[in-house]
Amino acid sequence: MHLSESQLKSYLDRQMSQEGEEKAYAHLKHCDRCGSRLEELRARAERTAATLTAAQPPQLALNTHRAFIRLQNRTKESNMKNFTRKPAFAGLLVMAAMLISLAFPPVRAFASDVLALFRVDQVQVVTYDPAYMQQFLSNTENSRGEFEAFFNENIAETRQGTYQLVDTKADAEALASFLPRLPQLDQATLGVEPGSEIVVTIDTTLVNTMMTELGYENYTLSDDFNGKKVNVHVPVSVVYTSGNCSARSDASDPDDQSHLDCVTLIQMRAPQADAPEGLDVARLGEALFQVMGMTQAEAKELSQSIDWSTTLVLPVPVGGDVQYQDVIVDGVQGSYIIEGESSLQTLIWSKNGMLYAINSTQPGLDILALANNLQ
Amino acid sequence: MNVSKRALLPAFGLKARLEEKDFEQIFQQLYPRIVEVVSRFTESQDEAEEIASDAFWKLWNSPPRNQDNLPGWLYRVATHLGYNALRAKRRRAGYEVAAGRLIFAESGVVDPQRAAEQRDERRRVQAVLLQMPRRDVQILLLRHSGLSYSEIAGAMKINPTSVGTLLARAERKFDHMYREGEQDAS
């Protein structure tokens, strides 16, 4: 049995297992035919290597450190410029809103340690126009630095374990302590994401500088809050995926179309937070809504209509090809967001103390039906 | 800050960014290698550094959903960018002159004759690369930049057992086309 070209090539490149290499060597010792094919491959590889090397541009000493600094600067600049279009910034907004909504509940008369407790049991989407925000924020360069500084310096997260793949619903239940409700799709995988503890340290100087810079002097925090902690507990979540998303899918990879077939369902018990007594979250929400383009009156009205102690507020950029609507899902009110061009659909709702989010990149998939038929 | 990073970002089609220190570490480790691979497509190291930097920029700005093999992802994205850059450049007028100047300005090669030869050689190689399917170019350059078969498999999302065959095929094509070109030239 002669060696295949694949075997000869990996032998030549020393990429075989030791056992494979020994076998190939034994064969090559007495097989002229394979020997000459090997020589042919070797000669070609050497010619190719020589040609490619000769064609390389002159090599200069590489300053990796300097290159990194340059990239960092570019990152900073772009964060400034493309604020609203970058997913990462949208993420930051989501986080900001979550923090404000999760972390600053209204006062509740708790023990002397001034803790108020909060639990999400509904989700409210607040839409905004990215173009407006872009314009607004382009006038407030400094506050953006503050904003970033806030996220970098004052938030610490501890993840309690690592992501684990599981085989069955029962295994997921054992890790997550709740029985997940799942759709029935092909090629599905199930995993459990550990919970997180997030501690936000309030830096009133930072917050107030930011607020002042944004033009909201009236919304500043009292110095009494300086150094106080806000604790956010994000429970264990069960992550169900179907399609290629968890395996080898990569939307930023131009070669890869497989992300067009990805459905993810995340479910977790409602996140909780406790925070110092006395923070007026409705006021902070009001400020946020103004940043998002509402007039002061509108912002005030909306903020006061929201029960901040139980509502997760999600800012969603609408305009262009992103649309949002309220829907009835799983027997409760939910939020449905669709991004036309990328056929990205998201559905998020809260029911019986659980938070659910479905995300699909599969064109034409009826995720509402999927959500209505969880088992 | 991972409330949404871990749990909710994916639900919005948003992806978790890498931790800054992890990003820096991977940059330190892989930047020189990525520059080397990409330089096969370029006229100068500066240009290669720009493309490498773009690849890392993508990694930072829109990281892949699956982060199990970031080096592989980087190699794939960088070779893709390099190939596209070469293509785009070929289309641009005035390129020859500009590129020639660049070599003298930056190579430190004193002998203009030798620099010109190197440049011609590079043009020939690049012309051949452009005629080959992109995947053949990727595998060829990754291997000749010293990646192992399993690294290549990860970068190209192919089975490690098929690397040998694909690589042998790519080398055969390259060698054949390059030598054909040489004969035409002489």
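This is a predicted model: local features need pLDDT of at least 70, side-chain atom pairs count only at pLDDT 80 or more; totals for chains, interfaces and linings use all residues.
Trainee: What makes chain B a run of helices?

Mentor: The count for chain B is nine helices and zero strands. Along the sequence, chain B reads α-α-α-α-α-α-α-α-α.

Trainee: How many residues of chain B count as buried, and what does that take?

Mentor: Of 186 residues in chain B, 45% are buried. Buried requires 20 or more other C-beta atoms within 10 Å of the residue's own.

Trainee: What share of the contacts in chain B between residues at least 6 apart join residues at least 24 apart?

Mentor: The share is 62%. A contact here needs C-beta atoms within 7 Å.

Trainee: Why is helix H7 of chain B called largely enclosed?

Mentor: Helix H7 spans residues 134–144 of chain B, and eight of its eleven residues are buried, so the rest of the structure largely encloses it. The buried residues in H7(B) are Val137(B), Gln138(B), Ile139(B), Leu140(B), Leu141(B), Leu142(B), Arg143(B) and His144(B). Just after H7(B), Gly146(B) has a positive phi of about 95°.

Trainee: How do you know that H7(B) and H8(B) pack?

Mentor: Look at the geometry and the residues. Helix H8 covers residues 149–156 of chain B; H7(B) packs on it with axes 10 Å apart, at an angle of about 145°. From H7(B), Arg135(B), Gln138(B), Ile139(B), Leu142(B) and Arg143(B) meet Ile152(B), Ala155(B) and Met156(B) of H8(B). By class, that contact has five nonpolar, one polar and two charged residues.

Trainee: Which hand does the crossing of H7(B) and H8(B) have?

Mentor: The crossing is right-handed.

Trainee: What makes a set of residues a nonpolar core?

Mentor: The members must be buried, of nonpolar types such as Ala, Val, Leu and Ile, and joined through C-beta atoms within 7 Å. The largest such core has 53 residues. Ile34(B), Val38(B), Ala52(B), Ala55(B), Leu74(B), Ala78(B) and Ile152(B) have the most contacts inside it. Setting aside neighbours within four places in sequence, Ala78(B) touches Ile34(B), Val37(B), Val38(B), Ile51(B), Ala52(B) and Ala55(B). A second, separate core has 25 residues, including Val238(A), Ala270(A), Val329(A) and Ala357(A).

Trainee: Why is strand E14 of chain A called largely enclosed?

Mentor: Strand E14 runs over residues 344–351 of chain A, and seven of its eight residues are buried, so the rest of the structure largely encloses it.

Trainee: What lies between E14(A) and E15(A) in their hairpin?

Mentor: Two residues lie between the strands, and Asn352(A) in the turn has a positive phi of about 45°.

Trainee: Which strands does E5(A) pair with?

Mentor: Three antiparallel bridges join E5(A), residues 188–193, to strand E4 of chain A, residues 164–166. Leu165(A) has Gly191(A) as its bridge partner in E5(A). Six bridges join E5(A) to strand E8 of chain A, residues 237–243, again antiparallel. Ala188(A) stands opposite Ser242(A) in E8(A).

Notes. Residues are numbered from 1 along each chain as its sequence is written. Chains are lettered from A and ligands numbered from 1 in the order in which they are written. A residue is buried if 20 or more other C-beta atoms lie within 10 Å of its own, exposed if 12 or fewer, and partly exposed in between; C-beta atoms are placed from the backbone. Two residues are in contact if their C-beta atoms, placed from the backbone, lie within 7 Å. Helices (H or I, at least four residues) and strands (E, at least two) are DSSP runs, numbered from the N terminus. Two strands pair if DSSP finds at least two bridges between them. Axes are lines fitted to C-alpha atoms, for helices over the stretch in contact, and angles run from 0 to 180 degrees between N-to-C directions. A crossing is left-handed if the near helix is turned anticlockwise from the far one by less than a right angle, and right-handed if clockwise. Ala, Val, Leu, Ile, Met, Phe, Trp, Tyr, Cys and Pro count as nonpolar, Asp, Glu, Lys and Arg as charged, and the others, Gly among them, as polar.
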